Amino acid sequence: MSTATEPVTPVAVAPSRGMRLTGWAANYIDERTSASTAVKALGRKIFPDHWSFMLGEVALYSFVVILLSGTFLTFFFDPSMTEVEYEGSYVPLQGIPMSVAYQSSLDISFEVRGGLLMRQVHHWAALLFLAAIGLHMMRVFFTGAFRKPRELNWVIGFLLFVLAMALGFTGYSLPDDLLSGNGLRIIDGMIKAVPLAGAWISYLLFGNEFPGTDIIPRLYVLHILLLPAILVALIGAHMVLLIVNKHTQFAGPGNTNDNVVGAPVMPVFAAKAGGFFFLVFGVIVLIASLFTINPIWNYGPYDPSPVSAGTQPDWYIGFADGALRLIPPGLEIVVFGYTVSFNVLIPLVGLLVFLAAAALYPFLEAWVTGDKREHHIAERPRNNPTRTAIGAAGVTFYSGLWAAASSDLIATHFRLSIEGVIGALQFVTVAGPFIAYFITKRVCLALMRRDREIALHGYESGRIVRLPGGEYIEVHEQLDDYERWKLVSFEEYQPIMIRPDSRGRITARQRMRARLSRWFFEDRISPVTQRELESQRH
Amino acid sequence: MSKRIETDRTMHSTSPASTRRAGRRHPLAAASLLVVGLLATGGAYALATTSATAETTTASAQLVEEGGKLFAANCATCHGLQAAGTAAGPSLIGVGALAVDFQVGTGRMPAAASGPQAEVKPVQFTQEQIDAMGAWVAELAPGPAVPPERYVSGDGDAALGAQLFRINCAMCHNVAGAGGALTQGKYAPSLAGVDPVHVYGAMATGPQNMPVFNDLNLTPEEKNDIITYLKYLEQNPSVGGFDLGALGPVSEGLFIWIFGLGGLVAVTIWLTAKSN
C-alpha cells in the first residue's frame, strides 16, 4: 500500500495456527447452534451515549456482585434454628445461647477468612442494587421511555424492583439477630392486621406462634432459590425486550424516531461495559472494605422482648416503616369482638395502591393521550410538564414516607422533638405531593417558555452596545442549528375532543378521558415552528 | 534552694563516709539497717493513720459545710435553700451523693436553661467541690453513695453485660450505645466516652427521664458487667471498618445513595463524556 494508484489485490496470507483454530471453533459452534445470527444481531445493537442510560447497568452489575458474594456466603451459612452456645471469638457474646443461623453468621464475620468482607460486599451491593433500580426507574419515568412499545418492559422492571425488595427483606431476616427479628415482628404485625385471614396467614408463614423455628429456613429457601430464579428469569426478559425494542435516545441532530445513534455492542460498547462492570465491582468492594454494614454482633441473638432504639429496615423498606410511623394513633375499632386495626390497614392498602399506580402508569397515560404511536425519542422532562409534575408528586410522597422511617434520628441529630418531626412529615406526605405537583408543573412550563425564547431570539450575550443614536442594546447570540434542534424538536399534545361513539352517545368513560386529557395538556407551550424561526431571521 | 544545699551536703558527707568502710561492711550492718527501716516505716504509718482518721471527721464536717455553701450559692435558686425543691427544680432530699456526682460531674447541673432536658456541658466545679456538695446532700437524707472502685472498674463479664444492656438499656440508648430519641424533644444520650462512675450513677439514680435501676433490679456486679460491655465497645472499634455512627440502616442507606450511587453516577458521566 505504498501508493494510492496501486490496485489493491487481496494477498492470500496463510492463516496462522491460532486463526485457523479460532475459525474452526467458530464454525463448529455456528454449524451446530446457528449462533452467528444472534451474535450479529446483538453485536450490532446500538447504545446511545448518555450517562443516564447506564443506571440500569449499575443495577445489573451490582446484581452480578450479589450473586457472586451470595454464593460464597451460602458455603458457610446454616439456616438451622437449633440452639447452641456461642464459643467464637467475639467476647461480648461468648456463652450466650443462640440459633445456629446467628452463630454461622457470626462465624462468617469472625472466623471465615474473607467472610466479613464478603458479607459486607453482599449487603452493600444489595443496597446499591435497589438504589440503582430506583434511579433507573426515575430516569425511565421522567423521560417517558415507558411509552409504546416499552410498557411491558416497564412492568417487568417494576416486578424486578418488587422482587429485589423481597430478596432484600428475606436476606435482612436471615442472620436471626435482634434487628432481623424485630423486622419480622413488624411484618407479622402487618399480616395479623388483615381482617379475618390475618392470624391464619401468620400461622401459615411462621409455622406456629411468632417467631417459631420454621421461618428462617423458609426465608432461606426463598432467598437463595425461588426469588433469585424468578429475578434472573425476569432480568432475561427485560434484556430481550431491551434488544427487541431498541434503546431510546434524546432528540438531537440525526437522532430520529426510526434510528438509534450511538456505539455498537461490538466492539466499543462491550469494552466500555466490561470496564464499567469492574468499576462497579471495585466501588462496592472499596465501600465494603472501609465501611461497616449491619454489625450483627452488636445486636445479639433474636429475643422477642428487647427492641433497640434506631431499629430501622434497610432503606428500600423504609417507606413502609415510615407509613406505619406517620399514621395517627387511635384508628382502631372493635367489630363483633374483633379488633380492626385501621392504623395498620390504611398504610398497608395505601402502599399497595401507590405501588399499583406506579406499575400501571404507562397504561393510564396511553389511555389519556390516546396516543398509539411508537416513541423512541426520550422526552426532556420539562417538555411533558404534567407527567413530570405527577412524578415529582410521587417522589415527594415516597420521600415523606421514607424520611419518616428515620424520624427518631432526624429528631436527635437536628435537636427537634419527635412529635414535631412526625407532624412535619405528615404534612409533607399528605400536602407535599400537591405542592410539588404545582411547583414542578410551573417550573417546567417556565423552562419551556425560556427554551422557546432562546430558540427564537438567541441568548443574552452580556455585551452591551451603544447605538449611534445613543440607544443601548444587549446583543443576543443565536444558537447554532445543532443546539436549536434540541430545543425545538418535541411533540405537542392537544387535549382530545369528546366525540360521540358509533351509536351517537357520549359515554361517561369518554367524558372522564376528555377531562383527564384536558388536565394533562391544557397548559402547554408549542414548539417553535419553522415559519416562526424563518420570520425571526431578518 | 535549700534542697540543693542538702544534696550538696550529703554528697560531702558520703565522701568522708567512704573512709569509714569498716562500719558499713560490718556483718550486722544490713540486719540492723533492716530493723531500723521497719521500725521507722511502721511507726510513721501508725502515726499517719491515726492523724488521718482524725482529719477525716473534721474534713467531712468541713466538707459538708463547704458543700452547703456551694449549694446555697449555685443550686438553691431552683432547688431551694434546704434542697426541698421549688417550682423550678425538684427536691434533692434523699437523692444521695451519687446523684450530685452524676448531675454536676457531667456538667448537666447547674442547668444553663430550662428545656426538655439538661444538656451535658463543660463541668463547672472541681471534683472536690462536687464531693462537698454531694456530702451536703447526703447529709440531708440517706441515698445512693458513690460506688467503690470495684463496681466501676469494668472488669466484669462483657457477655452478660451485653445481654443486660440489650434487655434494659438498648430500647433508648441503641444496642451500640449510640443514643436515641424520646418524646417531646428529650433523648437518651450517646454512651460513648462516659465515665464509668457516671454510667453507674445514671443507673442507680435514674437522672432526668431515665428509670432507676436499683440494686435489686441490677446488682452492683451486674452494673459493672454493663460498664464492662460499654468499655469493650469503646476499646474495640467495629471490625468491619468505619461504623457510620453505629446508627443502623439509616446511615447505611444515606451512605449508599450519596457516596455509592453518587460516585457511580460520576463514573457514568465520565464514561460517556465526549473527548474534546
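**Around Leu128(A)**

Mentor: Let's start with Leu128(A): beyond its neighbours within four places in sequence, it is in contact with Ser62(A), Ile284(A), Ile256(B), Gly260(B) and Leu261(B). Two residues are in contact if their C-beta atoms, placed from the backbone, lie within 7 Å. Keep in mind that this is a predicted model, where local features need pLDDT of at least 70 and side-chain atom pairs count only at pLDDT 80 or more, while totals for chains, interfaces and linings use all residues. Residues are numbered from 1 along each chain as its sequence is written, and chains are lettered from A and ligands numbered from 1 in the order in which they are written.

Now zoom out a bit. Leu128(A) belongs to the largest nonpolar core, which has 156 residues; Trp124(A), Leu128(A), Phe129(A) and Ile284(A) have the most contacts inside it. Helix α5 of chain A (residues 115-142) gives the largest share of this core, 16 residues. Such a core is a set of buried Ala, Val, Leu, Ile, Met, Phe, Trp, Tyr and Cys residues joined through C-beta atoms within 7 Å. Buried means that 20 or more other C-beta atoms lie within 10 Å of a residue's own, against 12 or fewer for exposed and in between for partly exposed, with C-beta atoms placed from the backbone. Helices (H or I, at least four residues) and strands (E, at least two) are DSSP runs, numbered from the N terminus.

Next, the partner chain. In total, 50 residues of chain B are in contact with 56 residues of chain A. On chain B's side, α11(B) supplies the largest share, 17 residues, and α11 spans 249-272. By class, this side has 30 nonpolar, 17 polar and three charged residues. Here Ala, Val, Leu, Ile, Met, Phe, Trp, Tyr, Cys and Pro count as nonpolar, Asp, Glu, Lys and Arg as charged, and the others, Gly among them, as polar.

Back in chain A, there is a division into domain 1 (48-347) and domain 2 (380-538), with bounds from an automatic or database domain assignment. Their C-alpha centres lie 34 Å apart, and their contact takes 17 residues from domain 1 and 24 residues from domain 2. On the domain 1 side, α5 turns up again: α5 and α12 (318-326) each supply at least two residues. α12(A) gives the most, with seven residues. That side has eight nonpolar, seven polar and two charged residues.
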